[in-house]
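Hello,

Here is the structure I promised to pass on to you. Have a look at it first, and then read my notes below.

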Amino acid sequence: IGARGADDTNLFDGLVDDVRISNVALAPEKLLLNDTVLNEHTVGYWKFENEPGVYKDSSQYGSDITAKIVDAPKIEPRHSALVDFCHVLLNSNEFLYVD
């Protein structure tokens, strides 16, 4: 999640709320969306909140995430400005709803 592709493109662009990993298949009623209770099958549970900590595992295993900082690729300022401008155009109502 949040990795980069071989051609340096983003594979995921968004926010992740909670992540829970279980060592068995869960029934739909037991999915994190419906049931936030941890059980003996939960092997990792990260909430990405200040409490208990952004990278802290809330399961019994305590498999905290270790952040790896990598250097961002150098991008030409003109290219970056063009990308920003395109995002503004594509996300504005005036661009989408012109008669």
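To begin with the surface: the protein chain exposes about 8,500 Å², and carbon and sulfur atoms supply 56% of that area. Of the 99 residues in the chain, 12% are buried.

Please keep in mind that this is a predicted model. The mean pLDDT of the protein chain is 80, with 82% of its residues reaching 70 or more. Confidence is highest in strand E2, at a mean of 91, and lowest in helix H2 (residues 93–96), at 59. Where pLDDT is low, the predicted coordinates should not be read in detail.

As for the fold, the protein chain has two helices and two strands, and from the N terminus on they run β-β-α-α. Among contacts between residues at least 6 apart in sequence, 19% join residues at least 24 apart.

Threonine 42 lies in strand E2, while serine 59 sits in the loop between strand E2 (42–46) and helix H1 (77–90). Threonine 42 counts as buried because its relative accessibility is 2%, under the 20% cut-off. Serine 59, at 10%, is also under 20% and therefore counts as buried.

Leaving aside neighbours within four places in sequence, serine 59 is in contact with Thr42, as well as Leu38, Val43, Gly44 and Tyr45.

Enjoy exploring it!

Best wishes

Conventions. Residues numbered from 1 in each chain as written. Predicted model: local features only at pLDDT ≥ 70, side-chain atom pairs only at ≥ 80, totals over all residues. Heavy atoms only, no water. Helix = DSSP H or I, 4+ residues; strand = E, 2+ residues; numbered from the N terminus. Buried < 20%, exposed > 50% of the residue type's maximum accessible area, 1.4 Å probe, protein only. Contact = heavy atoms within 4.5 Å. pLDDT = per-residue confidence, 0-100. Areas by Shrake-Rupley, 256 points an atom, 1.4 Å probe, with all protein chains shown as cover.
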